[in-house]
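The sequence and structure are shown first.

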Amino acid sequence: MAAAAARRVTLGGLLRGRELEGDAMLTLDAESISLDTARGRISLALAQLDGIRVPGDVLELYLATGDVIQLAQAPDLNALATDIASSVCAIPEMTRSLRALGAGSLAAGEEHDRFFGPLLEARLLAERAPNLVALRAAFDAAALGASIEHVLDEIAFERYPKAAGERRALRAELADVTQGLLARLAELERAEAALGASDDGDRFVRWRAWQAVLRNVFRSADSSWIAIHPVLSDDRRAAPSFWRRMFGRKKSAKPKKSSPRRKPAASKP
């Protein structure tokens with residue numbers, strides 16, 4: 001994000017025990033807010049912002065130190081608050097370090113694309129979201145979980161459309177190797193609830209916690225596919241199935257009848 005045009009604001013509040021006052025020129029970039037005053041520059045890292053609020057004709061910045069900085073007399077405080085919140089809450093790249101999503105044998109196949117589809121579609125919606133509410137809604141945990149479960153159901157059905165036992169066994173294996181992913185999605189749902197219930201003063205704290213869980217969801221999807229891949233491999237399909245191995249559905253051969261023993265011949269006197 002390039003630095004936005006400077007805005008003139010009037011300062012108020014406290015910073016590290018020092019009272020702020022007078023005019024300043026505010027500039028915003030991807031990492032920080034800079035306030036150029038007659039006494040020098042004040043740099044506020046976005047990572048140190050806990051929240052933001054516009055209670056009328058003043059904008060309040062809540063800092064991790066417990067300080068509150070007030071900005072007033074700006075042309076459009078609501079627009080400034082939106083710009084700051086968008087910078088703080090920008091979604092970072094989630095897929096660059098994933099092993100199973102890039103090139104290579106792990107990334108081959110239509111089933112691979114369908115498995116990652118819900119997460120990649122959510123990321124695309126988030127990139128196009130007009131505001132933070134829509135961005136968060138793009139990663140709705142319950143919807144993502146339902147979509148991934150549906151994909152796994154479809155894969156199991158398409159592998160064994162006419163063999164219910166084989167299908168259930170494969171689906172059970174897929175459920176086993178995706179337990180971690182579904183657990184991360186449950187954590188994401190709890191983080192969503194905490195974020196929704198947060199106050200303006202600590203909303204960025206809750207957002208970062210939600211974002212950290214979201215990153216773990218992507219990582220867990222990656223490790224889940226690495227475990228799923230051999231289960232769905234062609235070599236695996238050619239081998240005796242899980243269902244047959246576990247429950248012995250093959251008809252066992254009938255035991256051979258033992259031939260009657262001959263009585264030993266009587267010894268001659």
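## Helices α4 and α5

Helix α4 and helix α5 (residues 164-177) pack with their axes 9 Å apart, at an angle of about 145°. The crossing of these two helices, α4 and α5, is right-handed. On the α4 side, the contact is formed by Glu-149, Leu-152, Asp-153, Ile-155, Ala-156, Phe-157 and Arg-159, and on the α5 side by Arg-167, Leu-170, Arg-171 and Leu-174. Sorted by class, the residues of the contact of α4 with α5 are six nonpolar, no polar and five charged. The model is a predicted one, and the descriptions below should be read accordingly.

Ala-169 also belongs to helix α5. With a relative accessible area of 4%, Ala-169 is buried, because a residue under 20% counts as such. Ala-169 and Ala-156 are 13 residues apart along the chain, and their C-alpha atoms are separated by 8.7 Å.

## Helices α2 and α4

How are helices α2 and α4 arranged, as given by angle and axes? Helix α2 (residues 110-128) packs against helix α4 (residues 141-159) at an angle of about 165°, and their axes are 10 Å apart. The pair α2 and α4 is therefore roughly antiparallel, since angles over 145 degrees are classed in this way. The crossing of α2 and α4 is right-handed.

From α2, the residues in the contact are Glu-111, Arg-114, Phe-115, Pro-118, Leu-119 and Ala-122; from α4, they are Leu-144, Ser-147, Ile-148, Val-151, Leu-152, Glu-154, Ile-155, Glu-158 and Arg-159. The contact of α2 with α4 comprises nine nonpolar, one polar and five charged residues. Leu-152, Ile-155 and Arg-159 of α4 take part in this contact with α2, and these three residues are also found in the contact of α4 with α5.

## Helices α5 and α7

The axes of α5 and α7 lie 9 Å apart, and the helices pack at an angle of about 155°. Helices α5 and α7 are therefore roughly antiparallel to each other. Their crossing, that of α5 and α7, is right-handed. The contact consists of Leu-170, Glu-173, Leu-174 and Val-177 of α5 together with Ser-224, Ala-227, Ile-228 and Val-231 of α7. In the contact of α5 with α7 there are six nonpolar residues, one polar and one charged. Leu-170 and Leu-174 of α5 contribute here and also to the contact of α4 with α5.

Is Ser-224 buried or exposed? Ser-224 is located in helix α7 (residues 203-231), and its relative accessibility is 3%, so Ser-224 counts as buried. Apart from neighbours within four places in sequence, Ser-224 is in contact with Phe-115, Val-177, Thr-178 and Leu-181. Of these, Phe-115 is one of the α2 residues in the contact with α4.

## Overall composition and the nonpolar core

The protein contains nine helices and eight strands. It has 269 residues, of which 36% count as buried. Among contacts between residues at least 6 apart in sequence, 58% join residues at least 24 apart.

In soluble globular proteins, nonpolar side chains tend to be buried together. The largest nonpolar core here has 64 residues, and Ile-33, Leu-35, Leu-61 and Leu-71 touch the most other members. Helix α7 supplies the largest share of this core, eleven residues. Not counting residues up to four places away in sequence, Leu-35 touches Val-9, Leu-11, Ala-24, Met-25, Leu-26, Gly-40, Arg-41, Ile-42, Leu-44 and Leu-71.

## Exposed loop residues

Where does Arg-16 lie? Arg-16 is in the loop between β1 (7-15) and β2 (18-19). Although Arg-16 is not a glycine, its phi is positive, about 55°. Arg-16 counts as exposed, at 67% relative accessibility. Gln-73, in the loop between β8 (68-72) and α1 (77-88), is likewise a residue other than glycine with a positive phi, near 65°. At 64% relative accessibility, Gln-73 counts as exposed.

Ser-97 lies in the loop between α1 and α2. Its relative accessible area is 61%, and Ser-97 is therefore exposed. The C-alpha atoms of Ser-97 and Asp-222 are separated by 9.5 Å, while the two residues are 125 residues apart along the chain.

Technical notes. Residues numbered from 1 in each chain as written. Predicted model: local features only at pLDDT ≥ 70, side-chain atom pairs only at ≥ 80, totals over all residues. Heavy atoms only, no water. Axes fitted to C-alpha atoms, helices over the stretch in contact; angles between N-to-C directions. Helix = DSSP H or I, 4+ residues; strand = E, 2+ residues; numbered from the N terminus. Parallel < 35°, antiparallel > 145°, perpendicular 65-115°, else oblique. Left-handed = near helix turned anticlockwise from the far one by under 90°. Contact = heavy atoms within 4.5 Å. Nonpolar A, V, L, I, M, F, W, Y, C, P; charged D, E, K, R; others polar. Buried < 20%, exposed > 50% of the residue type's maximum accessible area, 1.4 Å probe, protein only. Core = buried A, V, L, I, M, F, W, Y, C linked by side-chain atoms within 4.5 Å.
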